[in-house]
Amino acid sequence: MLDESHQRCAAYGLSTTEKPDFDPIARNDLSLIVEQNRVLYTHALPVMETLYDQIINTHNMVVLTDANGLIVHALGDDDFLEKANRVALQPGVSWSEEGKGTNAIGTAIVEKKPTLVHANQHYLRANHFLTCSAAPIFNHQGDVIGVLDVTGDKSSYHQHTMALVRMSAQMIENHLFSAAFDDAITLHFHSRPEFIGTLMEGIASFSPSGRFLSASRSGLFQLGLPLSALKTHTFSSLFGLPVSALFDHYRTACPGLLNLCLHNGVRVFVRAEMRRTNLTFHAMPEALARDAAPRVAPQPAASETQPRRMSSLRYLNTGDAQVERLIEKLSKVIGRDIPILVTGETGTGKDLLAQAIHNDSPRAKGPFVAVNCASIPETLIESELFGYEDGAFTGARKKGSIGKILQANGGTLFLDEIGDMPMSLQVRLLRVLQDRMVTPLGSTKSIPVNVALICATNRNLREMIALNTFREDLYYRLNGLVVKLPPLRERSDLDAVIEKLLATEAEGRPCRVSDEVMRMFRQHKWPGNFRQLTNLLRTAIVMLGDDAEILPEHLPDDFLDDISHAQRQNASDTIERIVSDMSRLEDVEASVIRKSLEAHGGNVSATARALGVSRNTIYRKMQH
Ligand SMILES: Nc1ncnc2c1ncn2[C@@H]1O[C@H](COP(=O)(O)OP(=O)(O)OP(=O)(O)O)[C@@H](O)[C@H]1O
């Protein structure tokens, strides 16, 4: 690497005997450059100070440059430099390779690698008395935005200096990375939980909808894909879970480390940070852990090194009798190799329930792999589920893919919207369930697989069987235990549900629903169930500002429209009912009069006496 640098220097036209120009640029120009590098400067400063503490009294300097090798900040004593050279490490001096020949700063920028240049490895003889260790600093887009360097007299060389500089540069990168996305979900992950929070952790950011944004260097390494390839990924394609699972984790359980399976089969421990900067965000783990956990998740303390549960049946039991019965039934079959079919309207929590079943099962330490059969194009479901061999079809990833069924090996496979599974694949799925073997696309080998199966649907599978759109044999394979989640309007625990949701959504701020709003909530039909209620509360909390009580004015207009429409509808239904009851009453009266007349041989006076009414009334009623 240094030989190539020397060749470049010769090509620049530099002479080894040249006297370098150490004049700093004008003060105004320097201020401008410092301003342009303010973010880097701000995040680098504390790290530089810590680094300097490590090398104090070694006659070295810590230097930060911009992307062109111009020093923007320098720390330490320059007493090792001769007076004439002191200026060399001052802010405003450029150490580009083109100007100063081979040197750690300039060469690290060209090579984009940590670089050590010692004594006579410098191209210019004038720099032979120095030893320099430099590491480039990358931003989240993978561009070099500066260099961190330690320079001293060559006699002060220490073999650990380079490692210290590299680690410090990475620390700066991690700080920059965390600050780069205001509106992101940031994951800190590593295959060993004790490395989370250290320099070794991988960091990856996702948009609130789950789109991959960027990953730190260690993150890229662990994800095993280059930044360019990751740009097409999402949280769910990398971690095998919908991003909503993260929100659920922070809503329903004591937030802690998650244990997730990467797309390449590697298991990692994950800590997620979510910043609430818009309505799509639910929770900030620290706030939740502090405020919501005691109310929402009275979970036994788990050691930080153990994966915490994402949700548990216990947390879903908020007092509704139907839900309580359902949980009792589930508790009896969990871990017994009985397939579970969860039905219920959209948003009733089928997905959340499936996760809770997994988390409460003996397979909790294994993977939970969710596949939404409705959201994957029909042409891709087969490869997504069963995997494919190397080069099985054009467009396949080079090394093949193990598929979701095998990914779930040892854990739980959750097939959401099973009613949307194409007929052709229903046969293949049935075979997998019967034989417990998977044959990836393009392969002749069958691989044994051991998964617990949970399916969910909001469609009527029996009707589909009658219409020949769902296979009966598969249906009987799936429905070991069928549980139906009640719609919100039928639940008797609406108050407890709302209290639980407010505890997490309001991030511990005191917040309650006014009686009037509660009456509206009880009246409403909630076609979107929990999903709708959660969104509504989230909006109301934002509208609430500093107030503590949710009033009708904090609710969205379309919800209020729905309520007043329902009230009008109710009023007209009541009038209709009264009118129809009245006409029914008249029918009853008429038949009583008829019967009494018959009993009195058609004598109106006797009938009137017997019924305690006037004769006129009898005549009037008989005219109807
Ligand atoms: N018991 C619950 N407590 C708190 N939040 C819940 C509960 N049940 C569901 N939710 C929330 O409601 C939303 C919808 O839940 P989920 O995705 O599990 O429903 P679903 O029945 O699978 O919906 P769909 O049929 O549309 O896929 C999620 O954000 C989930 O966190």
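Is the crossing of α21 and α23 right-handed or left-handed? The crossing of these two helices is right-handed, where the near helix is turned clockwise from the far one by less than a right angle, anticlockwise being left-handed. This is a predicted model, in which local features need pLDDT of at least 70, side-chain atom pairs count only at pLDDT 80 or more, and totals for chains, interfaces and linings use all residues. Residues are numbered from 1 along each chain as its sequence is written. Helices are DSSP runs of H or I with at least four residues, numbered from the N terminus, while strands are runs of E with at least two.

**Helix α21 against α23**
- The axes of α21 (residues 494–505) and α23 come within 10 Å and cross at roughly 50°; axes are lines fitted to C-alpha atoms over the stretch in contact, with angles from 0 to 180 degrees between N-to-C directions.
- That angle makes α21 oblique to α23, given that under 35 degrees counts as roughly parallel, over 145 as roughly antiparallel, 65 to 115 as roughly perpendicular and the rest as oblique.
- Leu 501, Leu 502 and Glu 505 of α21 make the contact with Leu 533, Thr 534, Leu 537, Arg 538 and Ile 541 of α23 (C-beta atoms, placed from the backbone, within 7 Å).
- By class, this contact has 5 nonpolar, 1 polar and 2 charged residues; Ala, Val, Leu, Ile, Met, Phe, Trp, Tyr, Cys and Pro count as nonpolar, Asp, Glu, Lys and Arg as charged, and the others, Gly among them, as polar.

**Helix α3 against α7**
- Here the axes of α3 (residues 38–55) and α7 (residues 161–180) come within 9 Å and cross at roughly 150°, so the two helices are roughly antiparallel to each other.
- The crossing of α3 and α7 is right-handed.
- Among the residues that meet are Val 39, Val 47 and Leu 51 in α3, and Leu 164, Met 171 and Ile 172 in α7.
- The contact of α3 with α7 has 10 nonpolar, 5 polar and no charged residues.

**Around the ligand**
- Of the 18 residues around the ligand, Thr 346, Gly 349, Lys 350, Asp 351 and Phe 530 come nearest (a residue is near if its C-beta atom, placed from the backbone, lies within 6 Å).
- Two or more residues of the shell come from each of α11 (244–252), α15 (350–359) and α23 (529–544).
- The shell divides into 4 nonpolar, 8 polar and 6 charged residues.

Technical notes: Two residues are in contact if their C-beta atoms, placed from the backbone, lie within 7 Å.
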